[in-house]
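Me: Got a model open here and want a quick walk through a strand and a helix. Can you take my questions one by one?

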Amino acid sequence: MAPIVSIGIPTFNRAKFLSQAIRSVLQQTFQDFEVIVSDDQSTDDTAEVVESLADPRVHYFRTSTRLGVPRNWNACARLARGKYFGLLPDDDVYLPEFLSSMVSTLEMSEPLGFAMAGVYSVDDLLRPLAETCVHPTPDTFKGVDAARFQLKWLACVPVALLFTREKMCRLGLWREDYWDDWAFIVRMAYHYGFAFVPRLLSGNRAHAANLSKELGRQGRDEVLDLINQTFDVFGSMLPASPDILALRAKCNRELSHACVLKTGRALLARQWSEAAWQFRRARNLHPFAGIDPGFVQLFRRHRIHARRQATWLAGRRLSETPVVGL
């Protein structure tokens, strides 16, 4: 008999954190689940870590070739049997009531694409660094309102979400021809709606080897990733209404601001051709990118984020107590 929930954990050389991720599922107050560990050709003791947990609900699969992200995310989803699907990164954790809260929310509402909760940013020892709970009350969002919410906050980290698997499959899962993380979430939000649960129910680990930082070290062009994802999101929102056109214009304007910031960094580094390329990209996205008043707001947000990062690195955290004992 199929479980109610399938939790997919795509992993690669993260045995250090993987055990905690799996155990955070095993200690859930809601127990009707399966765990799918998709090992993308790890060279560490990942297999031994999974075997040591000795729980029949935990299923280990090793990919035949190196898939990378997001192909391994899709591998997890295709192996799942549950009505609902959670993608749990191998360095993140659920708090004990995550599944019970999310499943009850989805069961009480009309069919939606997913439920979304608040999330802690945590350090290596799972001590809270910051809290992200972007909406104060339980609420349901659909259509353009749902897309606007997600694009405004971009707080849709996988560990904070539980999907309706049938709707994921209907939409086609994550795109594999470019780096697709949040675009899939926005597409799901727009087409099927989502429910927000205003509780902090998971921990998103901030450390030197997390996925976003690893992608940065590989030299990925993060602005190009954002542009690709934005094109994908709005390409799926048809027919284009005035609200959608206004939302796309806003996104293009904000992307142009990011290009202006990159232009400034390139100029400071005397990388003249890079600066010219970034400025051309900014102008193509928004003709008045350099003088748009919204750029000042972006700069302020960037400075605020930098100060928060500095605070975290200085070792000041919300609490010395881990968000969950594992």
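Predicted model: local features only at pLDDT ≥ 70, side-chain atom pairs only at ≥ 80, totals over all residues.

Me: Start with β6. How many of its residues are buried?

Reply: Nine of its nine residues are buried, so the strand, residues 114-122, is mostly covered under the 20% cut-off for relative accessible area.

Me: Which way do β6 and β10 pair, parallel or antiparallel?

Reply: Parallel, over eight bridges. β10 spans residues 194-205.

Me: What joins β6 to β7?

Reply: Four bridges, with the strands antiparallel. β7 is residues 128-132. Ser-121 faces Ala-130 of β7.

Me: How many residues sit between β6 and β7 in the hairpin?

Reply: Five. In that turn, Leu-126 has a positive phi of about 65°.

Me: Switching to α9. How far does it reach from its first C-alpha to its last?

Reply: 20 Å, close to the 20 Å expected for its 14 residues, 222-235.

Me: Which residues of α9 are buried?

Reply: Val-223, Asp-225, Ile-227, Gln-229, Thr-230, Asp-232, Val-233 and Phe-234.

Me: What covers them?

Reply: The cover includes α5 (143-153) and α7 (182-192). It also includes α10 (242-268) and α11 (272-285).

Terms used. Residues numbered from 1 in each chain as written. Heavy atoms only, no water. Helix = DSSP H or I, 4+ residues; strand = E, 2+ residues; numbered from the N terminus. Expected span 1.5 Å × (residues − 1). Buried < 20%, exposed > 50% of the residue type's maximum accessible area, 1.4 Å probe, protein only. Contact = heavy atoms within 4.5 Å. Pairing = 2+ DSSP bridges.
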